Amino acid sequence: MPPHDNPEPHRAKVITTFQQKGGAGKSTIGVNVAAVLGENNPPSDPSDPDCPCPIVAAGIDLQGSLDEWARKVPEERLPFDYVITRGKLGELPALVKDPAVTRIIVDTPGFADIDPTKDLDAEDPLGSGPAAEAMREILALTDLALVPVVPVETLTHGPAEYTIERLLRPHGIKFRVVINNWDSGADRTRADLKDMQEWCEVRGYPYMPQAIRRYKIHAKAPEAGLTVIQYPESGTALRAREDFYKLALAVEGLI
Ligand SMILES: Nc1ncnc2c1ncn2[C@@H]1O[C@H](COP(=O)(O)OP(=O)(O)OP(=O)(O)O)[C@@H](O)[C@H]1O
Ligand SMILES: [Mg+2]
């Protein structure tokens, strides 16, 4: 049979944020990449509130409060659909096959090796239990992992390395470090950004060319239910948004 008569089954691309340490920006990055992709990939009938969005944000637990965020959205509808699996297995693998869905952006919680006596050569550091199984399911589906690190905040650096060396590399998962929460005004020589990039380079970790700068508007956004595409117009908002447009463009180039 010629190849065009036997097309590959549909499979949405899955982009997942992973970082063992909390607070580095997994949820901020996940929600805003979903918003930018969603703005550019609207539902086929935007006037129909039941028409599915091709872009879906997914969370495995209530942490990160995607649900809370979405309920505060001042607009009628987010530019993406979202699902929270609460760790239930099987939902994401089914969603990947949904012909209406093209991209799934998954936000994960931090994780830790819950058994310190476990052999370092053990398959992965996720431990056991339902949350670990949910994370393994996501790992198996992920096309591109995003690992946030924060310049100067060294508490995010070791856990990023751990995430990459123990979780992503052993599973052969394509990843990019995302330098987030960079205080671009603090150091005029930009040494902190350069140091962070060098940290990646010496370890052979590819990083996204666009760092996400630190802006108060991002920190206030979950409370207001806003994503970057809904920020009110201002110079700061444009710069804050620009970082995520560039990040989303880079993501699209990698999947
Ligand atoms: N670029 C940024 N500028 C300003 N604030 C930011 C930025 N990125 C993240 N933050 C803020 O830092 C805090 C932690 O970010 P976020 O919730 O995205 O981290 P996380 O990795 O999802 O954490 P957890 O593992 O606990 O879910 C939040 O208050 C968020 O608003
Ligand atoms: Mg989070």
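Analyst: Let us begin with T142, which touches V14, T16, F18 and I173 when residues up to four places away in sequence are not counted, where contact means heavy atoms within 4.5 Å. Before going on, please note that this is a predicted model, in which local features need pLDDT of at least 70 and side-chain atom pairs count only at pLDDT 80 or more, while totals for chains, interfaces and linings use all residues. Residues are numbered from 1 along each chain as its sequence is written, chains are lettered from A and ligands numbered from 1 in the order in which they are written, and side-chain values use heavy atoms, with hydrogens and water left out.

User: OK, and where is T142, and is it buried or exposed?

Analyst: T142 sits in the loop between helix 4 and strand 5, where helices (H or I, at least four residues) and strands (E, at least two) are DSSP runs numbered from the N terminus. T142 counts as buried because its relative accessibility is 10%; buried means under 20% relative accessible area, exposed over 50%, and partly exposed in between, with a 1.4 Å probe and protein chains only.

User: What does the side chain of T142 reach?

Analyst: The side chain of T142 reaches the backbone oxygen of I138, at 2.7 Å.

User: Switching topic, how many residues does the largest nonpolar core have?

Analyst: The largest nonpolar core has 38 residues, and those with the most contacts inside it are F18, I104 and L168. Such a core is a set of buried Ala, Val, Leu, Ile, Met, Phe, Trp, Tyr and Cys residues joined through side-chain atoms within 4.5 Å. The largest share of this core, 6 residues, comes from helix 4.

User: What is L168 in contact with?

Analyst: Leaving aside neighbours within four places in sequence, L168 is in contact with F18, L139, A145, V147, T163, I173 and F175. There is also a second, separate core of 35 residues, which includes A34, I55, I105 and V228.

User: Now the ligand: which residues are closest to ligand 1?

Analyst: Ligand 1 is surrounded by 17 residues, of which the closest are G23, K26, S27, T28 and R213; a residue is near a molecule if one of its heavy atoms lies within 4 Å of it. The largest share of this shell, 3 residues, comes from helix 1.

User: Which atoms of ligand 1 pair up with G25, and which with N180?

Analyst: An oxygen atom of ligand 1 is 3.1 Å from a polar backbone atom of G25, while a nitrogen atom of the ligand is 3.0 Å from an N or O atom in the side chain of N180.

User: How much of ligand 1 does the protein cover?

Analyst: The protein covers 78% of the 630 Å² of accessible area that ligand 1 has on its own, with areas coming from the Shrake-Rupley method with a 1.4 Å probe.

Notes. A polar contact is a pair of N or O atoms within 3.5 Å; within protein, one must be able to donate a hydrogen and the other to accept it, and residues adjacent in sequence count only if both atoms are side-chain atoms.
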